[in-house]
Each structure stands twice: as structure tokens, then as C-alpha cells.
Amino acid sequence: MKRNYIMIYKHLNLTKILTLLLVFVSFSISAQITPEAGKKVFKNYCGTCHSKNMVADATGPALYGSQERWGDDEALYSWIRNSSALIATGYPRAVELKSEWKTVMTAFPSLTDDEIGSVLLYIDLVGKGEYPPKTKLTPGDVPVEEESSNTWLYILLLGVLGLLAIILTRIINNLNVLAAAKEGKEIQQKTLIQSLTSKGIVSFLIFALVVLAGYTTVTNATNLGRQQGYQPDQPIKFSHETHAGIHKIECQYCHDGARRSKHSVIPAANTCMNCHRAIKVGTEYGTAELTKIYASIGYDPTSNTYLENYDAMSEEEIKDVYTKWIEAQYLEKTELVELDADGKSEVNAQWKGIKNSLTNEQKKKIQGPIEWIRIHNLPDHVYFNHAQHVTVGEVECQDCHGTIEKMEVVQQHSPLSMGWCINCHRQTGVKFNDNEYYKSYSKYHEDLKSGAKDKVTVADIGGLECQKCHY
Amino acid sequence: MKDNTSNIWIGGKDLIKDPEFIEISQKEFAEPNLLENLGNQEVAEKLGGNRRDFLKFLGFGLGAATVAAGCDIPVKRAIPYVVKPDTIVPGVASYYSSTYVSGGDSVPVLVKTREGRPIKIEGNNLSPMTGGGTSARAQASVLSLYDTARFTMPQMQSDGIFEGISWDKVDETVKAALANANGIRIVSNTILSPTAHAAIKEFTAKYSNAKVVTYDPVSSGAILDANEQSFGDRVIPEYRFDNADVIVSFDADFLGTWISPVEYAAQWVKGRQIKDITNPKMSRHIQVESGMSLTGSNADNRIFAKPSEMGAAIAYLANKIVGGVSVPSLNDEAKASLDKVAAELQAAQGKSLVVSGSNNVSEQILINAINSSLGNIGKTVNFANASLQRQGSEVELNELVKDINGGNVDVLIFNGCNPVYEYANGSALATALGKVKTKVSFSQTNDETTNLCDIVAPTHHTLESWGDVEAKRGQLSIIQPTIKNLFTTRQYEESLLLWAESANLNSDSDQPYFDYLKNNWKNTAFATQSTYSTFDAFWDSVLQDGVFKVDSGANNAPGFTGNASSAAAGVRKPANTEIEINFYESVSMGNGQYANNPWLMEMPDPINRTSWGNYLAVPVNFDGVRAFDGFNGLEDGDLVNITIAGKSLTVPVIQQFGQMPGTVSLALGYGRNFGIKGDAVGVNVNDVLTVDGNGNTNYYNTDVQVGSKAGKEEYFSCVQYHHTFGVTAEEEGTGEIINADEAATVFFDYFTGVKGFQGSLTERSIIYNSTVADLKENVKDLKKRRDHAQHLNEQQIYRGYDENYEMGHHWGMNVDLNSCIGCGACTVACMSENNVAVVGKREVSRHHEMTWLRIDRYYYGDAKNPNVVYQPMMCQHCDNAPCENVCPVNATNHSSEGLNQMTYNRCIGTRYCANNCPYKVRRFNWLDYTTADLFPANQVKIADEDLPFGADNLTRMVLNPDVTVRARGVIEKCSFCVQRLQTGKLTAKVEGRRLQDRDVSSACMTACPTGAITFGDLNNKKGDLVKKNNSPLSYLVLEEVNVRPSVTYTMKVNNRDKSFDA
């Protein structure tokens, strides 16, 4: 950790240091102000409305440079804590912001000066592109762990053994010739080629080839249909990192089937609309991705209404509605009055993106469901139930799906093979004491009490049997 | 035969030890037609394969596999909702209460939907009528929703060509026609919906020259007429079979098809339970009939009366009980038996019930006189909650034809009915239709009647409709849609209201008829109750429960005002012809309404076990020793020419035990000309029906000649002898093939003193039966046998298996043979739940039917007039399973919960397991029945369909997404509905509580109308299952082979009076 600070401060320029000094001086607390703490605060409080790249406007304005714009830290701090109160005092910058954005920022009266300081630091660093630090480790700094591979060692060993074998063959050959000479017989000494093409060697090679081919065939056949690491591009660049990671939206808020159904359920577009009625421009992609949701469900973000009779609308009519919105956002962002050439191509590109994402060979209309690419495909003839695992077994989503909250694009974390399932069933303990249902397993309860068993695994109660998953 | 009264046989071939049958039963997979087929050039061509093709396919297959292996995995898409409905959680089933309705048949049901698709029907156990039971027809109705033959939009016909038109055009044309019409008729089957009646009332108010003509596919018009004359109440009364100690039925198949079979079966079975072994009691049930009906097969005693003698039989009984009734001639045996019946009835005054399926008004009046005289009115025959399930009479159709021919009808509207096919004078109606200017049909699919109509205004399927049902007075149930209409259809009620320009229908509304329905309920049912103060709360509760009860206020026990003596003059007169034919409604087909439903087509008839067609049931002449011959020397599967009233038909034959000598039977409802799956399946006999003096249809004919064998049916699709496997061996010394079981008898006798009960397969411990009188003795005998079997089973070096199940679950099932009536609802429920393939007639004839659950029919007792026991047979989930040991790839193995697990993706199709299964419940996918396979199907087409059945995307919507669709080359079998078990367990786990009985149920259990099947956890010692298994009547099938099955059966007990046999 400590090293990190050093690293970061190395990159600070003079003004930065001065700003920091100012902060230190003003509040006489230096040790608590860190960009890490700032990041945390930003995630918890600010990230919902402000763009995380600090330079784009979202529900709230871009934050980079706010300190310079305000020029008065005291006012800025009280603005962050309670903006309405500051507006009420008639502070010019506050009134200006209010008239510009027409919304009032949520009050965070519990934020300490340290936290606000940290978040301002974080904003500044991110805005400058200096956070997260691009660490360059010097070889001496950290022990470099060599990507150690034994392949070469094996090949070397094989070579040595092969050489040894040839030498031994030669020696045996020579000895044979000598022995024969001693007995008075004369046999011709075998050449190396003759030795290598002898029956023994050839049959050994054929045997080895058959074994190898068999092994390869079986391994590859077993892997047929498995797609661990599968990471297709989705019609919408939905980021789990943003939603589950940064904004900490509970998995089951969207995947509401997981606790009660076999399917975890991909959320319907109306679930998206719960938040995205308010958050209409994305921090990362602006209008490009979010408009796809609106086009799917028929929501006009310009007028904040659902379109009447959307299903019957023609593609042209739909295009009008959404290009208008994209244009307006573009103009607002670029502060232009009229659409320039870049803008036109931007709008066109975005519309094309919407159309490509919402239509395919089977689905010709823009309207209707978003057809996601299915990543987790179980093998055929398997019954899997999310409720059993999530609600009864209390298995964390991440146990099977990996660190979803860190995936910008989701990929299949687990192999989803039968061996993988079985293995988990062998190792995982059942929530035996908490659930009244398992009372009927009286013998196991006795075993647990007497200590004969330390846990009852899924396998113990029949979790390896065929018809638990295949019927 | 050794002792006819205690022996059991599955059919004629078994009874006489037919050498061909014995030979087949030795084979692993019986294939009587295979060798013939291979030599048959035509079939070989149909199969489309020869050796060169095989090599081509092999080469292509290898190549394709290589290419497939080298390719990338195809991109799959995950498509979420745009706006997710709150009530749907993808992957979790939602259930909606609704009602299955088809004409006058109705069953309150729950509809299971997945992601908005109805996929399964379950009974609604809040219904006071059925108590949660269903019928095969109700179970199969979900499939007709996805019928590829449905009209996708309104049609207009000109010169035999249908052309799709818009609804606006329909309304315009029809309204114009209605405005200028001289006379308007709406022809319909019974309408059970009070709101539909209200809609029709608005229509007839607007068009004062409109009238409704109601009839039923199989008529009960005579009962309605008789009840009007006897009691002044034109309804079918509520029968209470549960309150009757003595039940006499004259040709009324009340357990199978008559009026309200699900309700009656549930009642009937209550009187058939043995509650106390030491003092066993059971109701008596006597059936008078000529052909073996489902009800007759379950009766204690059957009395033979030819169809034309039925009137005489009723009059004879009426004379005994009421007196003063003249009796036409009747056979002496029937007379003697009816004397005894009369005595029994008189001993059970007020606790007896006499019913008749007769369509003769006089005979029904006599029945009323008998019930009245016995004091049954108001006790077992009630009018307060009278049934409304039959309201029609073909007399009205007779009038209609007259009216049309008189030029008084300009517009005819057919409400989803098919009178041209069903009505005895259908051809006269068809001709008359030419005189009607505008004919409109509400039918969902094309049929004989719709094909003659000018405009088709297709209505919704029930599962797409809003509606209500009043099946019995005051007993309402609701119909709510479970899916948006798949096609451009419109509910017929809405069409009528639109054409009537009703002010009460808001056609701008989202669902106009829904509003109309709600409004009607607000004014009627809501007004009668006081539990709910607001209509919304009331409506929610009705939708939730699906059923609602109001007090009908009708007189429960009106006095009998008929005259028995004068009625006697009108009964049918015995004919003196050599042979008579009886026409009956089959359990699956009705009168052809279900001909388009492959599940019902493939469901074997409970009695003669044939599928895909109607078979002429001929009597069997048994010589009492070892041989018998069918009537006219006819054998199963022979084709025969019969002439009924001048019409010649060629039908296949089935030998039927219990068919009265001098009579033959043939089912109605086959030989439909329309509907893909019904094409060329069976023969139509509706056009040879006659009408009596009152205009009521006679469901028999005395003018019939049956020829001798005229060939063999190409695909004889009777499943009775399928999957039987006798044990034969070479006899030491002689080298002769003998029946090993018979040889073993000596050994058995020596140690146990037990005699009989050996022979071929049926003489092992498969069926135990007893009469009430002999029950104590037979229970003792059963215990002795079971003790012996268990003793033998203990003599082994392997340890027992029971300790494996000391914790967790141990699934088991109990099948009460005494409650099982053989109706087949469970078999269809099983097909629906488990995606079981339909294979078609040819495949059935090759023993390839895929049913996981079959109902075996065994005869026992008197070979001339036997009793029947039905045995639902499914995988027994043996704890010492012989199938598991022989699988080379361990594709079938045992779970810690006692399930015998079948893993399809491991199966390589050796079929060793099926060979080794003593119960013959494993099914092999010989062909690619579902086109689930990677390479093209090799299935021969059933009819002229483009794809094998079930391979199109519409029909596939019915599949249960939790169950694998099996591909060619794997074995499958009953899984105890493992997907339902897993769901039940998960529910308990999520709720954090112990598993309860109600959490788990198999599809067959929930479908059963009589509660014959109980599923549960054997480790739950307080549960229903353990309680039932502990009955001294329970036994394990083939217990002596020590496979330790998890399914327990209980002994079949009947209340047969053997003195009838003399």
C-alpha cells in the first residue's frame, strides 16, 4: 500500500501538490485524504448521477475541474453537503448551477471533510487520466514470478533419454557383434537406420500413436459443446461492472427469477426502465446504448412518455423519434446550435447501431424484445434450478458465474460440465440445520451431533444421482 | 379350465394357450408383423430404405458428425419479455381454475400453464361435483387447443373451397342475411353456460323468428321427456350412487360415458370400499346389457338381454316392483335373475337406484315408476341439484328438417356441433341444407356439417375463452382463458351478441364478452350471496376457486305422476332375428367429437383394448374345456363384411368375452370424413341408426347380417396381448417346450398345499380377487401366499435393501384395484405430463405403443359372463430391480429415494432392461416418433399429414418443458413423475418445512376420478400411503420373484351373487 502512495505522488505535478497542500492546511488533516477513499465515496454517493469519467455530463454535470470553477472550497463543501441550503443563501455559483441543470442535487449531510476532500482529489486525478495509476514496476522492485513452464524440460529430458537409448542400442549392437565374433560367427553390424526401423521401435511408435490419438479424441470429444470463457458481443454494451460493481445493484434486483424459479431470468426491458427513465445518457456510451432500450420498449426520452401504439409504428417513424433525441443530446454535449458533419455521422452511426442490435434475420421489427446472446448454455437434457441453489443452498452467484461485478463484458466463468457440477455436489455442505425440510434425514443429524460427520454434502443426500438433474 | 370361477385370463389366446401367442410371448419383443412387413414390398418402400440407402446414410452420418464436431457451437439467443407480466415467473408453472366443456360434458379443472401456455389439465378438487377427478377426454382437451386442423380465421365457402375473410365481412354478411331472414335456427349441443343462454336470449329477442334447436351427440332425450311426463321437470335428476346399496343399470354406462361419468364414478366407488375386513360390506351393482360396457365390466353381476329385449327386461322388473305392467317376451335366464334383483331392490327401499340408458320414453317412465315405488325419489334420485348436462333431443332436429324442407328457415347457425355426422337422419339434414340461404358454423375445425356451411365464424377453444358452466342446478363453475387466442377466432357468444346488436355488449372494450360475463354474474350469482360485499372481491374468489354454489330452490322430490301400465305399451318389442347389433359410445371418442385428438385415438378402449378405429365385438363360444371359437369362426383382427339395414360395411373383429350370444357391438364416433387424424380410422355407423315412433334414436339395430372372415386387418391395433411374457422351458428328457410355471405347480403344491394359480403368466401373483362372501378366507389365503413368498425371498445370500431408506424419502404408490374402473384418465394424463409420443395405428399394431402407464384388463370368474379387473401397470420401481443389473452402461440405476432412474442420454438402446423387466413396462423408441433426432424421421405417416404427429411447432406447444423429449433408440418408462417430485421437494425446501403428502403427487393420481391411485413417501409413517399399504388386502405383484416393487396393489373384491350364474 505504502508503495502505491509513493508511486502516485511521483506523478503529481506542482499545482497538484499545491492544491493538496492547501487542502492539508485548510483542514489540518492529511493522512485521511486518499484517492482510494475518494473512489469509494464517489461510487457510493456521486456515481449514480455523475459520469465516472468525470468529463462527460450525465444526470449531473461533469465534475472535473469543479474546484477551479467554484474557486471557493468552503462554498463547494457546503454545496456538496446540502445544495438547496446554499441556493437559498443566493450564492451566485449555486443559483447559476440550479438554473442551468434545473434539478437539485441530493443532500449528503453526513459526508466528512475528509471524504469530500478525498473525492475531490479522486475526481481531479481521474479527470486528468492519472488514476488509476499506471504502475510501472521496476524489476528490482518486485520479485518477478517467471511464467514457469516445464515443457522445455520435458523435451530436453526426452532428448537425453532418446540419445541414451540410441547409445545403448549401439552398445548392445556392438556387444552382440563381439559376442558373435567370439563364438566364431560373423554377423553384420546393424546401422543406426536399421536399429531405428527395427520391428520393436516401429511397433512401439504405432502403439504410442494409437494411445495419443485415442487420448486426444476422447479429450476433444468431451470438450465438444463446452464453451468456458465464451464472451460474445451483446446487442447492448451492458456493463455488469457499472451496474453490479460500481453501483452495487443487487444481482436479484434484475435477475428476479433466481430465488424462485429454475431460470434466473434475463430482465425485461421494463426492469431497465425503472432506473433509466431517469438516467437517460450513459457515462460511457452516451445515448448510443441506452436508446436501444427505449427503442425496444417504445419510450420517448425527449418527452418522457411511452409512445402510443408503438407496435404499429413504421421504422421511419421510430427513426424520427430516436434520431431526434440523439441529435438533441449531441447538440447539448457539443454546445452547437446546428448539427455538424461529425454530428450527422454520429447520429447515423447510433441509429444504425440501434437497428442492428434490435433486428436480425428472424426479427425484422425494431419493436419488441432485445435478443441477447445466451452465454450460459447447459448441455442438453439437464435440468438445473436456480432457486434450489440460490434460495435453498444459499450459493453465491459468483461461485458459478465468477466475479460478474468486475466484468465489463460477461463471459462464462465455469465450464458447466457434468464433472464440474458433480465435483461441487461432492464438496458442498447442505444447509442442514437451518432448514426444517432436512429433518427427515435423522441419521445424518445424529452423525453431525456425535461428530461422526462434520458436514452433510449434497452427494450424501443423493446429489449425484441421475434423476436429480436428468429427467 | 380347472375352475372357472377363480381363474383369471387376459383374453382368448391366453385361455386356450394359443401356440402362436405362446410363441410370441417367449420373444423379447413380440413382432408378429415384422417378418411379414419385411417381405412386403409396399411397406419396404414406405420405410424408404434399403441396404444402399443404409450405407449412404451411414457415410453421410459419419461425415456430418465430423463436420458438426469441427463447427462452432451455434449462437443461442436469450429473449426476455419487453414488459414482463407480474403473474408470470418464467420457469414456474401457474395454475388457473377453469372448466373443461364439450357440449354437455363438463369437468371443473385447473389448467397448468408455463410461460403463458396451457400444458396440462388437473382436476379441481373444490368442485362438489367431481371432487377433483377428471376424465380422459378432459385430460386430452389441452391437445385440441394446439390442433393443426383448426381454422386460423373466418372462412367463406363457395363451391367447396374455403377462403379466409375478415370478421367485418362475416358480420356484414351474416347481419344482412339475418335482417331479411324468414326463419332463423341456432343448432347446438347442450349449452351449459347461463351467460351464453342470456346471450342467446338477446339474440332471439332481436330476431323474433329465431329458435334454438338443441340435441346431444348421443341422445338422452327420452329421459328428459319421461321426466317431464313423470315429474313435471324436464331434467336429468341428480343420481346418488353413493347412497345406494343396490344399483341396477339397464344399459347405462354411467362409469364410462353416460351423462356425468366422472361424478358418478366418484360416487359409485364410495360404496365399493371394504372398510372392515371382519364384517365386509359393499354395494351391489347389477348391469343388464348385451355388450360389455365399462360399467358392466365393473358390475357384480351382469344379466344378458338383447338390445331389443331391453324394454322387456325393464317392464319385467317394473312388473315385479310396481305391478300391473304387461311384459313382452324375455329370455328365461334374464327373468330368473331379475326375480332375484327385484327381491334385492325391495329389501333396499330408499337405498337403491335403478337407471337406464335407454332412449325410449316409455322405458324411462317405467324406470321412474320403479324408483318412485322403491322410495328412491329425493334420496338417490334428486331434483334440487338436478343435472343440466343433457338438455337436447333429436326430436328437435326432426322438426328442424321438416321446417327447412317447408322453406321456413333462411339462416342456420351451427354452434360447434356436427349433426350431419351425429344425427341418425344426417343425410336428410345434409340434403335439406341446400334449401337454407345462409349457413353459419362456429366450429373450430372442419367437419361434415361445417363443410356444408357458407360461412365459418370459428369460436375460441375453451382454454382461450371466458365463460361459465352450470352443470347441475346451482353448481356453477367458471371458464377463464389461459392463453390469448392463437388464431383469429372469436367466441360464439360474442358473435351472437354482435349480430343481435346487443346494448349490453361493449364492443370497444378490450374483452367484450368478459365484461358481459362479469356483468351477468353481478346480476345473478353475486346477488344471491352475502359473503362478499363488493363484486370485485366476489369475482376474485370465484376465479380463485373456479366453482360457486347457489341454492337452486327446486323441489328435490317431486311426486311421480306417470302411468306405468300405459307406458308398458310403448317399450321396444323383442325382435326374433338371429343377431342384433348394439351401438355404443366409446370412452375415448364420444360420438366422434374427439376424433381429431391423437391422444384419445391412441388410448386403448378399456374393454376390448383396441385403438385407432372401431372393432366389431363378437361373442365367444366357449366349449367349457379348452377351446372356444368366436362367432362365425371369427378371430381377432379378421375383417368381416356386415350388413346393417342394407348398408354394407367392412370392419375388423375383436372377440369379446361377456358379449351376449346372438349380439354384436360396434362403437359410434369413428369413420369421420374430416379432421386429419380421424381420416379413414374406423367406420361410421351413425347413418344406420333408426328412430322410434317418438322420433328418438335407437342405438341398436335388429336388421343385421354378419358374414364370415373376409381377410385380415393390415394393422390390427389391439394392445391386449402386447408386453406379455410367459415363462417356457425345455422339458428334461423329452426336449418339448412346456410352460415352466405349470411344471412348477407340483413343487408349489407339495410345500404349500396351494392348488391352481399356475399356468402361464396370469396364474402368478398378479391379480388377487375375492367376493365379499369369501373375503375372510381369501385374505387368509393371501397372507399365506405372501408369507411364503417372503420366506423364499429371505433365503438368499444378499442382504436386504430396506436399511437404505431409513431417512429421506422412499417413494411408493398404492393402486386400489377395487376403486379402479379402468376409465383411462390416468393414461392420458401420463401422456400429457411426460411428453409420451403418439405412434399411430401401424406402430401400435407392431407393439410399439409408448404408453408409460397401461391398464391391463383381466377377466375372471365365469368364462361366459366374466367379471373384469383393471390393473394400472407402470414401472414398479423395484428396490431389487432386474433391469438395473443388466444395463451395460448403467443408464438405469437406483436412487436413494427408491426411484428406478432412467437416464436417456446414457442409454445406448440394448433393450436388455426391457427384456429383463418382469412387468414389461419399459418402452423402446423404435422410430423417431417426435423427430427429436438429429437425422430425419423414419416414421411411416399415420394419415396424410406432412410431419409425424407432434413434430410441428404448434403441437409442440403442449410439451412439458421440464421433461425430456426422447429421441430414437432409447428406452423410456414411468419415472413416478420425478419432475413433480423434485418440484414438490423444492417447494418444501424453499418454505423451510418438512415435505407433506400434498406436496407430491403423480399425474395419474391427480387425474383419477375414483382415487384409486395414492402416491406418497413410504417413510412418512403417518401418511395415507402407508395406511393404505397396511391393509390386509394389499399385495405386491410377482412378490415371489423378489424384485421388491414399490407399488402395492390391493385385492379386487366384488359382490357377485353366484346364484345368478346357474
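# Working chat: two chains, strand by strand

Trainee: Strand 36 (residues 811-816) of chain B: which strand do the bridges join it to, and is the run parallel or antiparallel?

Mentor: Strand 45 (residues 1047-1050) of chain B, by 4 bridges. The two run parallel. Keep in mind that this is a predicted model.

Trainee: Which residue stands opposite Asp816(B)?

Mentor: Thr1050(B), in strand 45 of chain B.

Trainee: What sheet do those two belong to?

Mentor: An open one of 4 strands, ordered 43-36-45-44 in chain B. The pairing is mixed.

Trainee: And which strands sit at the edges?

Mentor: Strand 43 (1013-1017) and strand 44 (1034-1035) of chain B. Each of them pairs on one side only.

Trainee: Change of topic. How does chain A score for pLDDT?

Mentor: The average is 83, and 89% of its residues score at least 70. Residues 1-15 of chain A fall below 50, and that stretch has 7 contacts beyond near neighbours in sequence. Residues 135-146 of chain A are also below 50, with 3 such contacts.

Trainee: What about chain B?

Mentor: Its pLDDT averages 86, with 87% of residues at 70 or above. Residues 1-6 of chain B are below 50 and have 11 contacts beyond near neighbours in sequence. Residues 739-762 of chain B stay under 50 too, with 40 contacts beyond four places in sequence.

Trainee: What are the ipTM and pTM?

Mentor: ipTM is 0.84 and pTM is 0.82.

Trainee: On to where the chains meet. How many residues are in contact on each side?

Mentor: 43 from chain B and 47 from chain A.

Trainee: Which elements of chain B give two or more residues to that side?

Mentor: Strand 2 (77-78) and helix 30 (978-991) of chain B. Helix 30 of chain B gives the largest share, 6 residues.

Trainee: How does chain B's side split by class?

Mentor: 21 nonpolar, 13 polar and 9 charged residues.

Trainee: You mentioned strand 2 of chain B. Which strand of chain A do bridges join it to?

Mentor: Strand 3 (residues 372-373) of chain A. There are 2 bridges, and the strands run antiparallel. Trp372(A) stands opposite Ala78(B) there.

Trainee: Back inside chain B. How many bridges join strand 26 (residues 638-644) to strand 27?

Mentor: 6, and the two strands of chain B run antiparallel. Val640(B) has Val651(B), in strand 27, as its bridge partner.

Trainee: How many residues lie between the strands in that hairpin?

Mentor: 2. Ala645(B) is the one to look at in this hairpin: its phi is positive, near 45°.

Trainee: Strand 23 (residues 616-618) of chain B is joined to strand 27 as well. Parallel or antiparallel?

Mentor: Parallel, through 3 bridges, with strand 27 of chain B covering residues 647-655. Val618(B) stands opposite Gln655(B).

Trainee: Now the sheet with order 3-4-5 in chain B. How many strands, and what pairing?

Mentor: It is an open sheet of 3 strands with antiparallel pairing. The edges are strand 3 (94-102) and strand 5 (117-123) of chain B. Neighbouring strands in it are turned by 40° against each other on average, direction ignored.

Trainee: Over how many bridges do strand 3 and strand 4 of chain B pair?

Mentor: 9, with strand 4 spanning residues 105-114 of chain B. Ser97(B) has Leu110(B), in strand 4, as its bridge partner.

Trainee: Last topic, helices. At what angle do the axes of helix 15 and helix 17 of chain B cross?

Mentor: Roughly 30°, and the axes come within 9 Å. Helix 15 is residues 394-405 and helix 17 is residues 426-433. Angles under 35 degrees count as roughly parallel. These two helices of chain B are therefore roughly parallel to each other.

Trainee: Is that crossing left-handed or right-handed?

Mentor: For helix 15 and helix 17 of chain B, left-handed.

Trainee: Which residues make the contact?

Mentor: Helix 15 of chain B brings Leu397(B), Val401(B), Ile404(B) and Asn405(B). Helix 17 of chain B brings Ala428(B), Leu429(B) and Ala432(B). By class, the contact has 6 nonpolar residues, 1 polar and no charged.

Note on methods:
Residues numbered from 1 in each chain as written. Chains lettered and ligands numbered in written order. Predicted model: local features only at pLDDT ≥ 70, side-chain atom pairs only at ≥ 80, totals over all residues. pLDDT = per-residue confidence, 0-100. Contact = placed C-beta atoms within 7 Å. Pairing = 2+ DSSP bridges. Nonpolar A, V, L, I, M, F, W, Y, C, P; charged D, E, K, R; others polar. Axes fitted to C-alpha atoms, helices over the stretch in contact; angles between N-to-C directions. Parallel < 35°, antiparallel > 145°, perpendicular 65-115°, else oblique. Left-handed = near helix turned anticlockwise from the far one by under 90°.
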